[in-house]
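Subject: Structure handover

Hello,

Here is the structure I said I would pass on. Please open it next to this email and keep both in view while you read.

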Amino acid sequence: MEIAMYQVPRFRRGFRFQWEPAQESYVLLYPEGMVKLNASAGAILDKLDGQRSLADIVASLEQQFPDAGPLEKDVSDFLQEALQQHWIELS
């Protein structure tokens with residue numbers, strides 16, 4: 001299932017996203033463990049608030065990182081992977 005631009009991704013219950021100073025990176029905590037995220041993944045997941053659509057997230061990231069060029073495919077691909085990993089859900 002491909003994520004549509006109007007859909008709103010949010011973290012699944014039990015998952016917590018936070019900056020972890022000891023790891024010097026964003027991490028995703030869940031009951032069974034932790035995922036250390038790279039900078040790009042952290043920037044994308046930092047935009048998930050349960051209110052913003054995929055289109056809103058892409059627009060915000062393109063404004064934050066203007067030299068990166070179009071980000072729709074990269075953001076969509078990453079969130080698709082996050083959905084398959086059961087980190088997020090859609091509304």
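Below is what was found, going from the whole chain to single residues.

The chain as a whole

Please keep in mind that this is a predicted model. The protein chain has three helices and five strands. Read from the N terminus, the order of these elements is β-β-β-β-α-α-α-β.

The C-alpha trace spans about 35 × 30 × 20 Å along its principal axes. A compact globule of 91 residues would have a radius of gyration near 12 Å, and the 13 Å of the protein chain agrees with that. Of the 91 residues, 38% count as buried. The accessible surface of the protein chain comes to about 5700 Å², and 48% of this surface belongs to carbon and sulfur atoms. If you take the contacts between residues at least 6 apart in sequence, 52% of them join residues at least 24 apart.

Aromatic rings

How many aromatic pairs does the structure hold? There are five aromatic pairs. One of them is formed by Phe-17 and Tyr-26, with 4.7 Å from centre to centre and 15 degrees between the planes. This pair counts as stacked, because stacked rings have planes under 30 degrees apart. Phe-17 is buried, at a relative accessible area of 17%, whereas Tyr-26 is partly exposed at 24% relative accessibility. The cut-off for buried is under 20%, so Phe-17 falls within it at 17%.

Phe-78 and Trp-87 also pair, with ring centres 6.5 Å apart and planes at 55 degrees, so this pair is tilted. Phe-78 is buried, with a relative accessible area of 18%. Trp-87 is buried too, with a value of 13%.

Ring pairs also build a cluster, which links Phe-11, Phe-17, Trp-19 and Tyr-26. Phe-17 and Tyr-26, the stacked pair from above, thus belong to this cluster.

Two residues with positive phi

Which loop holds Glu-24? Glu-24 lies between strand E2 (16-20) and strand E3 (25-30). Its phi is positive, at about 55 degrees, although Glu-24 is not a glycine. Glu-24 is exposed, with a relative accessible area of 66%.

His-86 has a positive phi as well, of about 65 degrees, and is not a glycine either. You will find His-86 in the loop between helix H3 (72-84) and strand E5 (88-90). His-86 counts as partly exposed, at 47% relative accessibility. The cut-off for exposed is over 50%, which is why His-86 at 47% is described as partly exposed.

Gln-7

Is Gln-7 buried or exposed? At 13% relative accessibility, Gln-7 counts as buried. The side chain of Gln-7 reaches the backbone nitrogen of Ala-4 at 2.9 Å. Leaving out residues up to four places away in sequence, Gln-7 touches Glu-2, Arg-52, Ser-53, Leu-54, Leu-90 and Ser-91.

When you go through the model, you could begin with the ring cluster of Phe-11, Phe-17, Trp-19 and Tyr-26, and then turn to Gln-7 and the residues it touches, among them Arg-52 and Leu-90.

Regards

Notes. Residues are numbered from 1 along each chain as its sequence is written. This is a predicted model: local features need pLDDT of at least 70, side-chain atom pairs count only at pLDDT 80 or more; totals for chains, interfaces and linings use all residues. Side-chain values use heavy atoms; hydrogens and water are left out. Rings of Phe, Tyr and Trp (its six-membered ring) pair if their centres lie within 6.5 Å; planes under 30 degrees apart count as stacked, over 60 as edge-to-face and the rest as tilted. Buried means under 20% relative accessible area, exposed over 50%, partly exposed in between (1.4 Å probe, protein chains only). Helices (H or I, at least four residues) and strands (E, at least two) are DSSP runs, numbered from the N terminus. A polar contact is a pair of N or O atoms within 3.5 Å; within protein, one must be able to donate a hydrogen and the other to accept it, and residues adjacent in sequence count only if both atoms are side-chain atoms. Contact means heavy atoms within 4.5 Å. The radius of gyration is taken over C-alpha atoms; the globule rule is 2.2 Å times the number of residues to the power 0.38. Accessible areas come from the Shrake-Rupley method with a 1.4 Å probe; for residues, only the protein chains shown count as cover.
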